[in-house]
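Dear colleague,

Please find the structure below, handed over for your records. A summary of the findings follows it.

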Amino acid sequence: MKTLFDKIWDKHLVEEIDDQTQVISIDRHYIHEVTSPQAFNSLNEKGVAVMRPDLTTATADHNVPTQDQDKAIKNELSRIQLETLKKNCDQHGIELYGLGHENNGIVHVIGPELGLTQPGMIIVCGDSHTSTHGAFGTVAFGIGTSQVAQVLASQSVLTAKPKTLLIQVDGELNQYITSKDLILHIISRLGTGFGAGYFIEFAGSTIANMSMESRMTVCNMSIEMGARGGLIAADAVTYEYLKTKKFSQGVSLQQCEEMKSDGIEAFDKVVKFNAHDVRPTVTFGTNPGMGIGIEDQIVTQDNDTFTKSLEYMGLTDRLKLEGLPIQHVFIGSCTNGRFEDFEAVAAVIKGNKKAAHVRALLVPGSNAVLKQIKSAGLKEVFESAGFEIRQPGCSACLAMNGDSIPAGEYCVSTSNRNFEGRQGAGARTILASPITAAFAAINGKITNPN
Amino acid sequence: MEKVTIIRSSVVPVLLDDIDTDQIIPARFLKATSREGFGENLFRDWRFNDSGESEIKFPLNDKKWSGEILLAGENFGCGSSREHAAWAIKDYGFKAVISSHFADIFKGNALNNGLLPIELSKAFIEDIKEEVLLNPETKLEINLEQQEVILRVSGEREKFVISPYNSGNSDVD
Ligand code: SF4
């Protein structure tokens, strides 16, 4: 009896060094400007070539400005970092979808939308949210820069094999409940350490009924449970998605449907959820596990970490988040920066205006998403509601590139991390679904979509 | 890379759980293209307030605490995969971090840079904490060959596991 994860992993096993160390071959390697320069330095210092430039794809996303992308980048360090990426890609013959390129965007948005991410592959990237690609029946996980160098040099990586965890979700999600609410709900119940040492498979009727975009949101946040990654078995939905994409024309329906876990007994650990229990979920603290239903009260825990967290957020025991005034709304990131997300937001805000005191920032995950927004006529909807539409990038998800939230102010964000300072020093992040974020923008406060 | 076998040092306690890599090194300091100099901004937003003044209460700024070992709460290094976090800790001068659990990617990053992620039981960490809070000079010995940590005042000891293959291997050779 084997899980889907084991089947893919075992196919890629090159060598078992000891029980903590295996060599795994890599089908696709995504790189970006922030975690790759030091890896290229290692290669260049040793005069080592990139082994498979054809299996490596680069994009610029973390450190890019989200406006005036056609002009010179003002911040000198950012400019140098982007130039370094270009220089390294040129030198080693790696395809780079740089700033302004039609394929440019957040690495975890463009990989799937170009059809580079395919079932049965092992994919790595120097970024923890590489788990996103797991939605395609792919084993995908984040690595550090030293491992980026390993993969560049050898198309393989040294790593430990994780155990397997099945998260089974059945039933229908209620109205206005998205896959983001589901994953925030799951993490709030299990905690940020529950997945440590495991690779997750998400299964069950709820997952089967989801679009690829929604599945990506779920897999994206599996890392927030401490898991190495999360995947979903490919199926006909995967096939329908991939058949229209640029690099996945050769993927067949059979290829999508053939690889599955042998049964529930194959997993080291199993947890079940009922989709009916999921309500609009938001976070109140400074890790993604500190989530509650919008209408629920915060219940204090007696420990330093929790106390520090609530103090940072300016929130108190017994408080409900519903009705909390907010100053910013950020819609974007590799969690919820796809066309489906913006469509959902547009449906809520159409004919409405954002609250006067709210700044609503909408950052598409890629140039392709931006194009879709325009061709579907949504740009006008957003602009007449008072939203700022930017060019693609990670933007305020990590506040590295000029887009950030001022200290002490609240931001309802569709991204994946609410750590202290994540969206700017002192910024207070409330993670939510795109629908909840849209309602917050209109009402200027946390609002229950129901 | 320098091979470490025994570390004898007092510890610097930052006893919070779930210390994520955004705290260890905030994203705005990730613009560099080399591995050096990140120690300056280690725990930046905890070490300095909004106006750039030192937060004297934070253990790294408190003269009471010094040493080559960082003692942390559980689930250390969660969040972003940025190896810059391991570089920053190492660059600041720490040789080892002790926690009851390390996030997977951080652990690998630390090992790839000769920074020891030492996993000990919560009970032993609690004992270390008690001794250290009582006497900040308390020394720990980390013996990599024996794979054990010794609390020198009481002689209490515990084994840890680090694959010899992993410790001190550099990235491409
Ligand atoms: S959008 Fe945020 S989480 Fe996603 S890759 Fe960019 S910085 Fe990381």
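Is N75(B) buried or exposed? With a relative accessible area of 6%, N75(B) is buried, a term that stands for under 20% relative accessible area, whereas exposed stands for over 50% and partly exposed for what lies in between (1.4 Å probe, protein chains only).

Some conventions apply. This is a predicted model, in which local features need pLDDT of at least 70 and side-chain atom pairs count only at pLDDT 80 or more, while totals for chains, interfaces and linings use all residues. Residues are numbered from 1 along each chain as its sequence is written, chains are lettered from A and ligands numbered from 1 in the order in which they are written, and side-chain values use heavy atoms, without hydrogens and water.

N75(B) belongs to the loop between β2 (69-72) and α3 (84-92) of chain B; helices (H or I, at least four residues) and strands (E, at least two) are DSSP runs, numbered from the N terminus. Its phi is near 60°, a positive value in a residue other than glycine. Most residues other than glycine have a negative phi. D68(A) also has a positive phi, near 50°. This residue lies in the loop between β4 (56-59) and α3 (76-92) of chain A and, at 40% relative accessibility, counts as partly exposed.

A cavity is a set of points, on a 1 Å grid over the protein atoms alone, where a 1.4 Å probe fits but cannot get out, and lining residues have an atom within 4 Å of a point. Grid points are joined across faces, edges and corners, and a volume is the space filled by probe spheres set on the points. The largest cavity contains about 220 Å³ of space. Its lining numbers 22 residues, and H62(A), D127(A), H129(A), L398(A) and R422(A) are the closest to its centre.

The ligand sits in the largest cavity, meaning that more than half of its atoms lie within 2 Å of the cavity's grid points. Residues surrounding the ligand (a heavy atom within 4 Å) include S333(A), C334(A), C394(A) and C397(A). Because domain 1 (4-159) and domain 3 (281-443) of chain A both give residues to this shell, the ligand lies between them; the domain bounds come from an automatic or database domain assignment.

Finally, eight of the nine residues of helix α8 (residues 212-220) of chain A are buried, so the helix is largely enclosed by the rest of the structure. Among them are M212(A) and N220(A).

With kind regards

Terms used:
On a 1 Å grid over the protein atoms alone, a cavity is a set of points where a 1.4 Å probe fits but cannot get out, and a pocket is an open set with protein on both sides within 12 Å along at least five of seven lines; lining residues have an atom within 4 Å of a point.
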